[in-house]
Amino acid sequence: MQIDKLRGKELDQLFEAILSLNDLEECYQFFDDLCTMNEIQSLAQRLEVARMLMGGDTYQRIERDTGASTATISRVKRCINYGNDGYKFALDRVAEQYREEQNQSE
């Protein structure tokens, strides 16, 4: 993993802090303090690009709908195809939570 080069106390602290957040509002507050608006936007855009790629959308549609460059789309696709399944884990869990919430509201 590429991130292994950064592994250590500071990165562990960051990830533990993220894992300690209880809800969306706490995430908004934490990331508002931690990141610039551009950094947050880039992270959110990459996740949406991954969702769309995994859903079979074309580069053209993804570029149009998200504003992501073809370089960003290619990088995300490379991570999906050859990475550590991080996008898949996260997106599958979000989809599962959404389904559970829908089932509970019916």
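Is Asp-65 buried, partly exposed or exposed? Asp-65 is partly exposed, because its relative accessible area is 41%. The model described here is a predicted one.

## Salt bridges

Across the whole structure, a search finds six salt bridges. One of them joins the side chains of Asp-65 and Arg-64, with an N to O distance of 3.1 Å. Arg-64 has a relative accessible area of 59%, so this residue is exposed. Another salt bridge is formed by the side chains of Arg-61 and Asp-57, at 3.7 Å from N to O. Both of these residues fall in the partly exposed class: Arg-61 has a relative accessible area of 40%, and Asp-57 has a relative accessibility of 24%. Salt bridges link Asp-57, Arg-61, Arg-64 and Asp-65 in a network.

A further salt bridge is found between Lys-88 and Asp-92, where the closest N and O atoms are 2.7 Å apart. Helix α6 holds both residues, and they are four residues apart, which is about one turn of the helix. Lys-88 is partly exposed at a relative accessible area of 40%. Asp-92 also counts as partly exposed, at 35% relative accessibility.

## The largest pocket

The largest pocket contains about 2,800 Å³ of space. Its lining is made up of 50 residues. Those that lie nearest the centre of the pocket are Leu-43, Leu-47, Gly-86, Tyr-87 and Ala-90. Sorted by class, the lining has 31 nonpolar residues, 14 charged residues and five polar residues.

Which helices each supply at least two residues of this lining? They are α1 (9-20), α2 (24-34), α3 (37-54), α5 (70-82) and α6 (86-105). The helix that gives the most is α6, with twelve residues.

## The aromatic pair

There is one aromatic pair in the structure. The partners are Phe-30 and Phe-31, whose ring centres are 5.5 Å apart. The planes of the two rings stand at 85°, so the pair is edge-to-face. This follows because an angle over 60 degrees between the planes counts as edge-to-face.

For Phe-30 the relative accessible area is 23%, and for Phe-31 the value is 22%. Both residues are placed in this class because buried means under 20% and exposed means over 50%.

## Cysteines without a disulfide

A disulfide is a covalent bond between the sulfur atoms of two cysteines. How many disulfides does a search of the whole structure find? The search finds zero.

For comparison, the two sulfur atoms of a disulfide have to be within 2.5 Å. Cys-79 is likewise in no disulfide, since the nearest cysteine sulfur, that of Cys-35, is 18 Å away.

Cys-35 has a relative accessible area of 16%, so Cys-35 is buried. Cys-79 has a relative accessible area of 28%, so Cys-79 is partly exposed.

Methods
Residues are numbered from 1 along each chain as its sequence is written. This is a predicted model: local features need pLDDT of at least 70, side-chain atom pairs count only at pLDDT 80 or more; totals for chains, interfaces and linings use all residues. Side-chain values use heavy atoms; hydrogens and water are left out. Rings of Phe, Tyr and Trp (its six-membered ring) pair if their centres lie within 6.5 Å; planes under 30 degrees apart count as stacked, over 60 as edge-to-face and the rest as tilted. Buried means under 20% relative accessible area, exposed over 50%, partly exposed in between (1.4 Å probe, protein chains only). On a 1 Å grid over the protein atoms alone, a cavity is a set of points where a 1.4 Å probe fits but cannot get out, and a pocket is an open set with protein on both sides within 12 Å along at least five of seven lines; lining residues have an atom within 4 Å of a point. Grid points are joined across faces, edges and corners, and a volume is the space filled by probe spheres set on the points. Ala, Val, Leu, Ile, Met, Phe, Trp, Tyr, Cys and Pro count as nonpolar, Asp, Glu, Lys and Arg as charged, and the others, Gly among them, as polar. A salt bridge is a side-chain nitrogen of Lys or Arg within 4 Å of a carboxyl oxygen of Asp or Glu.
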